[in-house]
Amino acid sequence: MPTSFEQDFGETRVIHVSGTLRAKAAVHNADPSGADDLSIAAAESAMKDLSGDFQNWMGDEINRLVAAFDDYRSKGPGERDITNLFSAAHDIRGQAAAFGYPLAAEIAGSLTKLLDKIEPDYLPTPLIAHHVDAVRAIYRSQVRDYANPVAVQIIHTLKRTIDRMVEARTNAIAEEQKMARGR
């Protein structure tokens, strides 16, 4: 049976649910007799086999993220291309949780939101650096769950900052358009 716990961060409450593949499959299985034990065992075995490869994959992806950020940071305004940075963050966001790094996935997701919603010349380099450093620290420290209050607070702060920045940029664009129309 999955266990859960909650953390409260003022305006945000995080509910953490843990469970095995078996429990998740039993919930989603349409077969009234329950989950196919042989299939579940095979899937769990495959996940364990992949987890060793994932250590290498995660390290490689973090190196790719750092390299993409270094390239972005080395360019001046008007020359910056976020394609590689977005791609690296997007890949980590999509895969890290499945292999035991849900916090890294959340941080990478926050970075992809920033990169998707703000034009390259308006992106705050220090905020991108905080995301890259946080993903790197999560991996280096092997933080694999939400029991680490510092990591959870970092995620909360980064997400809140991104939300405020996106809102501010959206408002600025609306104001620029209003002024351009001569109102």
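Guide: Start with helix α4 (residues 102–117) and helix α6 (residues 149–180): their axes come within 10 Å and cross at roughly 10°. α4 is therefore roughly parallel to α6. Angles under 35 degrees count as roughly parallel, over 145 as roughly antiparallel, 65 to 115 as roughly perpendicular and the rest as oblique. The axes are lines fitted to C-alpha atoms over the stretch in contact, and angles run from 0 to 180 degrees between N-to-C directions.

Visitor: Which residues in α4 and α6 meet?
Guide: From α4, L103, E106, I107, S110, K113, L114 and K117. They meet A151, V152, I155, L158, K159, I162, D163, M165 and V166 in α6. Contact means heavy atoms within 4.5 Å.

Visitor: How do the residues of that contact divide into nonpolar, polar and charged?
Guide: 10 nonpolar, one polar and five charged. Ala, Val, Leu, Ile, Met, Phe, Trp, Tyr, Cys and Pro count as nonpolar, Asp, Glu, Lys and Arg as charged, and the others, Gly among them, as polar.

Visitor: Before we go on, what are the ground rules?
Guide: This is a predicted model, where local features need pLDDT of at least 70 and side-chain atom pairs count only at pLDDT 80 or more, while totals for chains, interfaces and linings use all residues. Residues are numbered from 1 along each chain as its sequence is written, and side-chain values use heavy atoms, with hydrogens and water left out.

Visitor: Zoom out. What does the secondary structure of the chain come to?
Guide: Six helices and two strands. From the N terminus on, the order is β-β-α-α-α-α-α-α. Helices (H or I, at least four residues) and strands (E, at least two) are DSSP runs, numbered from the N terminus.

Visitor: How much of the chain is buried?
Guide: 31% of its 183 residues. Buried means under 20% relative accessible area, exposed over 50%, partly exposed in between (1.4 Å probe, protein chains only).

Visitor: Which residues have the most contacts inside the largest nonpolar core?
Guide: L65 and I128, in a core of 39 residues. The elements giving two or more residues to this core are α2 (37–74), α3 (83–95), α4, α5 and α6. α4 gives the most, with eight residues. Such a core is a set of buried Ala, Val, Leu, Ile, Met, Phe, Trp, Tyr and Cys residues joined through side-chain atoms within 4.5 Å.

Visitor: What does I128 touch?
Guide: F69, Y72, L85, L111, L114, L115 and L123, not counting residues up to four places away in sequence.

Visitor: Is T112 buried or exposed?
Guide: T112 is buried, with a relative accessible area of 3%. T112 lies in helix α4. Leaving out residues up to four places away in sequence, T112 touches F86, A89, H90 and R93.

Visitor: And T125, what does that touch?
Guide: F69, Y72, R73 and R80, again not counting residues up to four places away in sequence. T125 is in helix α5 and counts as buried at 18% relative accessibility.

Visitor: Where does W57 lie?
Guide: In helix α2. W57 counts as partly exposed at 25% relative accessibility. Beyond residues up to four places away in sequence, W57 touches D91, I92 and Q95. W57 and Q95 are 38 residues apart in sequence and 9.7 Å apart in space, C-alpha to C-alpha.

Visitor: Last one. What is the phi of Q142?
Guide: Positive, about 55°, although Q142 is not a glycine. Q142 is found in the loop between α5 (125–140) and α6. At 35% relative accessibility, Q142 counts as partly exposed.
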